[in-house]
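Let's explore a protein structure together, one question at a time.

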Amino acid sequence: MATDTTARSRLLAPESGLHLDMLGTLASFKAFTKDTNGAYCLFEGRIMPGEAMPLHYHPDDDECFYVLEGRFSFQLGNEALDVAAGSF
């Protein structure tokens, strides 16, 4: 028996989504928690070389990153990480 997943399926063009400025970073929201039954929120952030988000944490949420191009530096607890494109 086929399952209807139309309500959960989502396809957005590369420049689609709600675009917001988050502390100087352009965030293109692709899915909000209301779109995923509360499972997650997904956005693409474009951070220019030399820019950074302030150090912060989310006590009630998990946060994941996938680096699409370039390199990115993260501070994870006491550990500094420098990662390349393709890193998750």
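Q: Which residues does Ser28 touch, not counting residues up to four places away in sequence?
A: Before we start, a word on the model: it is predicted, so local features need pLDDT of at least 70 and side-chain atom pairs count only at pLDDT 80 or more, while totals for chains, interfaces and linings use all residues. Residues are numbered from 1 along each chain as its sequence is written, and side-chain values use heavy atoms, with hydrogens and water left out. Contact means heavy atoms within 4.5 Å. With residues up to four places away in sequence left aside, the partners of Ser28 are Ser16, Leu18, His19, Leu42, Phe43 and Glu44.

Q: Is Ser28 buried or exposed?
A: Ser28 is found in strand 2; strands (E, at least two residues) are DSSP runs, numbered from the N terminus. Buried means under 20% relative accessible area, exposed over 50%, and partly exposed in between (1.4 Å probe, protein chains only). Ser28 has 3% relative accessibility, so Ser28 counts as buried.

Q: Which residues does Leu18 touch, not counting residues up to four places away in sequence?
A: Leu18 sits in strand 1 (residues 18–22). Its relative accessibility is 43%, so Leu18 counts as partly exposed. Leaving out residues up to four places away in sequence, Leu18 touches Ala27, Ser28, Phe29 and Phe32.

Q: How are the rings of Phe29 and Phe32 arranged as a pair?
A: Rings of Phe, Tyr and Trp (its six-membered ring) pair if their centres lie within 6.5 Å; planes under 30 degrees apart count as stacked, over 60 as edge-to-face and the rest as tilted. Searching the whole structure gives four aromatic pairs. For Phe29 and Phe32, the ring centres are 5.0 Å apart and the planes are at 10°, so this pair is stacked.

Q: How many residues apart in sequence are the parts that the pair of Phe29 and Phe43 ties together?
A: Phe29 and Phe43 form a tilted aromatic pair, with 5.1 Å from centre to centre and 35° between the planes. Phe29 lies in strand 2 (residues 25–31) and Phe43 in strand 3 (residues 42–46), so the pair ties together parts whose separation in sequence is 14 residues.

Q: Which residues form one aromatic cluster, including Phe29?
A: Let's take the members by their accessibility. Phe29 has a relative accessible area of 11%, so Phe29 is buried. Phe32 is partly exposed at 26%, and Phe43 is partly exposed at 35%. The cluster is made of Phe29, Phe32 and Phe43.

Q: How many disulfides does a search of the whole structure find?
A: A disulfide is a pair of cysteine sulfur atoms within 2.5 Å. The closest cysteine sulfur to that of Cys41 is in Cys64, and it is 12 Å away, so it is too far for a bond. Cys41 is partly exposed at 38% relative accessibility, whereas Cys64 is exposed at 56%. The number of disulfides found is zero.

Q: Which residue joins its side chain to that of Arg71 in a polar contact of 3.0 Å?
A: Arg71 belongs to strand 4 (residues 71–76), and its relative accessibility of 54% makes it exposed. A polar contact is a pair of N or O atoms within 3.5 Å; within protein, one must be able to donate a hydrogen and the other to accept it, and residues adjacent in sequence count only if both atoms are side-chain atoms. Not counting residues up to four places away in sequence, Arg71 touches Asp82, Val83 and Ala84. The side-chain partner in the polar contact is Asp82.

Q: Where is Asn37 found?
A: Most residues other than glycine have a negative phi. Asn37 is not a glycine, yet it has a positive phi of about 60°. Its relative accessible area is 79%, so Asn37 is exposed. Asn37 is found in the loop between strand 2 and strand 3.

How values were computed. Helices (H or I, at least four residues) and strands (E, at least two) are DSSP runs, numbered from the N terminus.
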